Amino acid sequence: MDSLPAGDPRYLKRRVKGCTLEVHPTERALVVQYEVEATVLGELGNPMVEERKECQKIIRLKSLNAHTDTSSLAQKVVEECRLIPSSKLHEVEQLLFYLQNRKQSNDIQEKNRISPQDSTPYAGVELDEVASINSIDEYVDLMYEDVQEKIRGATLIFQLARNPDNLEDLIENDAALGALARVLREDWKQSVDLATTIVSVFFCFSSFSQFHGLVTHFKIGALCMNIIEHELKRFDLWQDELQKKKKAYEEFSENQNLKKEHEKSFRKYQSLLTKQEQLLRVALCLLLNLAEDTRTELKMRNKNIVHTLVKILDREDEELLLVVVSFLKKLSIFLENKNDMAETFAVEKLARLVPCDHEYLLSTNLRLLLNLSFDTSLRSQMVQTGLLPKVSSLLADEAQRQLSMCILYHISMDDRFKSMFADTDCIPQLMKMVFDCGEETMDVALISLCINLAANKSNAKVICEGNGLKMLMKRAVKLKDVLVMKMIRNLSQHSGPTKSLFLDHVGDLAAEISQEEAEEFVIECLGTLANLTIADLDWALVLKEYNLVPYLKDRIKPGSAEDDLILEVVIMIGTVSMDDSCAAMLAKSGIIPALIELLNARQEDDEFVCQIFYVFYQMVFHKATRNVIVKDTQVPAYLIDMMHDSNAEVRKVCNNTLDIIAEYDEEWGEKIQNEKFRWYNCQWLEMVENRPMDEAEEPFLYGEDGESFIGDRDLLERPGLFYSAEGIISADGAISPEFYTDLSSLSEQFVPADRPVSAYGFRPDEQFFFNYNTASR
């Protein structure tokens, strides 16, 4: 400094003061705030000016994750950053710990926003020179020259913009940003490179929310929409032109000139396509960043952004597709955008990308499909486009497993598609994952998908192959796993070989039915046992060995447990009542009065009423319990009261039970017949009783002398109304005794049909024939 000419000012010293530390609001970074103080000396060495400037430095911590040793990282930060004194080591460590445990919402938002460092969609035109922030005015002057000079100036400014530390200086230079916006607006059609470079500069600003106002001020978003629309039209023209030349070459394959022209056009097309996709990628990245504001996103939707993005899905460039799919994923959370995707058949185009080698593109695509899979019609499109086997194959990929399971779960919610899973490798993969869990808590998506699939008969057969059922029972009983037991319960509802496999596990299930076990687990065990309508199963032995009758009787008392558990107990009683000895055992224990008490308490609940009546229906089949039901209780009266209930299932059970009672008890049979007659004819009888017979209004009911045609006889006591079959009805309308003898012999020819296995097993067109002369039925 001594060599400076006399009179020139010179710096005496420069020092840093007041270092403070903060965490970055969105990134994994530390922000160092400090003050630079500089003293300027004059000619005689005396201080002339003291300058102070507040500065900021951002220390980005890309390696920081949940497993990072914050103490070691804090030591490294202090050593490498001279601005931070060693006395602040403990403070740095605390800030790093906060960043490490900060909620992930900011991280997710930052990932959705594409940053210029992590993913720059355009590298810019190659130049030998390196840009300097001090030469920004020279770069702005280049924006007023020819196209090539404009490209050079824009590229140098783009180099500066890629460094976030320069953005604040650039935003203060209104001339530079104004010139860039003007050139882009006026000359973007002249050069793809120029348009791509300038859009990339504004993309760097769009990566930070605080600069979105700047980008919006220059209307760059609307301009990008116009650019994208224009480029897509150009692409269609290129395609048509190339197709024409290809067709001409194919028609005249011997013409070498046509062949060379086609090859030349194809190379030119590929070169143009590469540049165009770079421009589309950076423009869409900028729009994606601006769409952080829902008002801006709505403006984009009004310009058919969804249709535009879906059209680009036909491209092959994976980086461009990644931006498009990311944009669609963000838009898909709104109903209007989802409907637009359904109209444009986006699912069909997305299915083409499953699977793909680009891991991040595949993951983003699956997330988009997951958002769309909440819609029933779009789930149908997924199945129709063949996505089910594709997504099932991704279960083997640990990175995509969770997303794949969630999509498959949504598809499995529709009964139409459940059977299709049996034709894929989905179920073996799921069973392997279930068994690999060991005693660890099972993933909710995994077991939920298994529960849905187990409700289908074809899937149940695949699940139970080998030791599938045995392993599931072992896990459920050992860990008291309610969800696994719910899956087993679904498996038990299917008839055929699958149900027979449960014979080996009846004891395990019955042993779990006790007051000591959790109610949720007991409910599933009871439901599983209630489904086991197997002919070879000795229910009487099961009830005695595990002392279940007292438990069943105690649990049907109103208020003794949750309604779900009480209902399952009633269903269980209905199942075991199909056995003669079990029905007698239950009747002897006094369970029928308890059921009547429960019926009185739950008479407004159709589910309870239907299942309780089903128990009575099963018990009237057996001689040992029939008399108890008919003679000692008011069950027939309850059934008569409910025989015209508004619920169709309740009516079926009541009517079929009353038909059986009427055959065995003449007194109740007459009451039932009268009630049915009264009900079916009540409107007609009411009309006859209340309507006056006016001679003027009804002239045909009376003769000329006013005497009624039927005289004083009862209207219904007329032999002419009956069919007169020989040997059955005599001339006076009386039925011959031989008719009853023949009817009795005829009834012995019929055998009882199989009883329904549940209260909902009746069909409206089903005929019931019973042989009540036998001992058991």
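How many helices and strands does the protein chain have? The protein chain has 40 helices and 3 strands. Both are DSSP runs numbered from the N terminus: helices are H or I with at least four residues, strands are E with at least two.

This is a predicted model, in which local features need pLDDT of at least 70, side-chain atom pairs count only at pLDDT 80 or more, and totals for chains, interfaces and linings use all residues. Residues are numbered from 1 along each chain as its sequence is written, and side-chain values use heavy atoms, leaving out hydrogens and water.

## The whole chain

Of the 777 residues in the protein chain, 45% are buried. Buried means under 20% relative accessible area, with exposed over 50% and partly exposed in between (1.4 Å probe, protein chains only). The protein chain exposes about 42,100 Å². Carbon and sulfur atoms supply 49% of that area. Such areas come from the Shrake-Rupley method with a 1.4 Å probe; for residues, only the protein chains shown count as cover.

Contact means heavy atoms within 4.5 Å. Take the contacts in the protein chain with a separation of 6 or more: residues 24 or more positions apart account for 68% of them.

| Pair | Residues | Axes | Angle |
|---|---|---|---|
| α35 and α38 | 606-619 and 648-664 | within 9 Å | roughly 20 degrees |
| α5 and α8 | 147-161 and 192-206 | 9 Å apart | about 25 degrees |

Axes are lines fitted to C-alpha atoms, for helices over the stretch in contact, and angles run from 0 to 180 degrees between N-to-C directions. Angles under 35 degrees count as roughly parallel, over 145 as roughly antiparallel, 65 to 115 as roughly perpendicular and the rest as oblique.

Helices α35 and α38 are therefore roughly parallel to each other. Their crossing is left-handed. That word applies if the near helix is turned anticlockwise from the far one by less than a right angle; clockwise is right-handed. Among the contact residues are Val609, Phe613 and Tyr617 of α35, and Val650, Val653 and Ile660 of α38. By class, this contact of α35 with α38 holds 10 nonpolar, 2 polar and 2 charged residues. Nonpolar covers Ala, Val, Leu, Ile, Met, Phe, Trp, Tyr, Cys and Pro; charged covers Asp, Glu, Lys and Arg; the others, Gly among them, are polar.

Helices α5 and α8 are therefore also roughly parallel to each other. Again, α5 passes α8 in a left-handed crossing. The residues that meet include Ile151, Ala154 and Phe158 in α5, and Leu194, Ile198 and Val201 in α8. The contact of α5 with α8 has 9 nonpolar, 3 polar and 2 charged residues.

## Helix α15 and its surroundings

Helix α15 spans residues 335-343. Its residues Asn337, Lys338, Asp340, Met341 and Ala342 are buried. These buried residues pack against α12, α13, α14, α16, α17 and α18. Just after α15, Phe345 takes a positive phi of about 55 degrees.

Asn365 lies in α17 and is buried, at 0% relative accessible area. Beyond neighbours within four places in sequence, Asn365 is in contact with Val325, Leu350, Leu353 and Val354. Ser380 is in α18 and is buried too, at 11%. Not counting residues up to four places away in sequence, Ser380 touches Arg416 and Phe417.

## Val576

Val576 sits in helix α32, residues 563-576. Is Val576 buried or exposed? At 0% relative accessibility, Val576 counts as buried. Leaving aside neighbours within four places in sequence, its contacts are Trp539, Leu543, Cys582, Ala583 and Leu586. Val576 and Leu586 are 10 residues apart along the chain, and their C-alpha atoms are separated by 9.2 Å.
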